[in-house]
Amino acid sequence: MNDNTSQKLGTLVSDGGPVNVYVWDMDETLILLRSLLNGTYAESFNGSKDVKRGVEIGRMWEKHILKICDDFFFYEQIEECNEPFLDSLRQYDDRKDLSLYDFKQDDFSTPTDDLNKRKLAYRHRAVAHKYEKGLCPFLDSESMNVLDELYNVTDEYTERWLSSARAFLEQCSCVKEESSDGPSAIDQSSQDIHILVTSGALIPSLVKCLLFRLDTFLRHENVYSSIDVGKLQCFKWIKERFNHPKFRFCVIGDGWEECAAAQAMQWPFVKIDLQPDSSHRFPGVTPKTVSYYFAAVYGNSDADSSKE
């Protein structure tokens, strides 16, 4: 745990009242992508959605995700070096100034030794820095307009799934106004914490957060990839980070693995459902909905009743 995280957690613990920690899955929960690509989202509408259109939208997202991964986030170099989170190699990072570092000429290879683990840690630190700055510093206005249009088209096709999921995060967070220095940021006094535990690879998952406008609410240190370690291990790490009776956890996702891991941790689990008539989807799920799951495990609190 870094010093900034420790300081924030200390502030939250001393402020009184419970802190809700939302542990999110990504695909088919906060965003839709896999179900667009394989047609299951459209098929759930029993013929009223154009399946081919959904596949086209999904493929456009795939193209942009992979391009940004490769062009700006070292993915071609580190695709085979997936780590569960960006700070996992922090002990190897000597905090060298990377402003003039040549990532193309440092002879990086699979990190089986300390030297290459340091080089991978450098790349992770650079990724974290870029992530916190958002997309604007390395994409031109035309590219940003293309992504904005794709987001709006996808949101319309999915009956506002993307914007509704994002609205959930916003309702739980105090968001500062956007400034010329970068994207909007979470007010550090905000009580609720959002964490992503995805079965996707780490770098593409971070890029998805940027492209689907989730980076405002999901800081880089709160994004975990469970591919190699499993979701239960990620949940255990999260519990260790927020190891205080004040913190209350709830898992939100669509898959069996996060459900089983939540049960093992004795955390409430909200199962997201693609079916159009389900209330456990976006739009549909709200902080107030999830407060009932918190209450079932942890009891009622004033914080629950304040969620709208």
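Predicted model: local features only at pLDDT ≥ 70, side-chain atom pairs only at ≥ 80, totals over all residues.
**Entry 1: helices α4 and α9.** Sorted by class, the contact of α4 with α9 holds eight nonpolar residues, one polar residue and one charged residue. For the geometry, I looked up the axes of α4 (residues 51-72) and α9 (residues 202-211), which come within 9 Å and cross at roughly 115 degrees.

**Entry 2: helices α10 and α11.** I then went to α10 (residues 231-241) and α11 (residues 256-265), whose axes lie 9 Å apart and which pack at an angle of about 45 degrees. Because of that angle, α10 counts as oblique to α11. The crossing of α10 and α11 is right-handed, and the contact is made by Lys231, Leu232, Phe235, Lys236 and Lys239 of α10 together with Glu257, Glu258, Ala261, Ala262, Ala264 and Met265 of α11. By class, I recorded six nonpolar and five charged residues in the contact of α10 with α11, with no polar ones.

**Entry 3: the chain as a whole.** I noted 13 helices and five strands in the chain, and I found that 53% of its 308 residues are buried. Among the contacts in the chain with a separation of 6 or more, residues 24 or more positions apart account for 72%. Finally, I looked up the surface, where the chain exposes about 14,900 Å², with 47% of that area supplied by carbon and sulfur atoms.

Conventions: Residues numbered from 1 in each chain as written. Heavy atoms only, no water. Axes fitted to C-alpha atoms, helices over the stretch in contact; angles between N-to-C directions. Helix = DSSP H or I, 4+ residues; strand = E, 2+ residues; numbered from the N terminus. Nonpolar A, V, L, I, M, F, W, Y, C, P; charged D, E, K, R; others polar. Parallel < 35°, antiparallel > 145°, perpendicular 65-115°, else oblique. Left-handed = near helix turned anticlockwise from the far one by under 90°. Contact = heavy atoms within 4.5 Å. Buried < 20%, exposed > 50% of the residue type's maximum accessible area, 1.4 Å probe, protein only. Areas by Shrake-Rupley, 256 points an atom, 1.4 Å probe, with all protein chains shown as cover.
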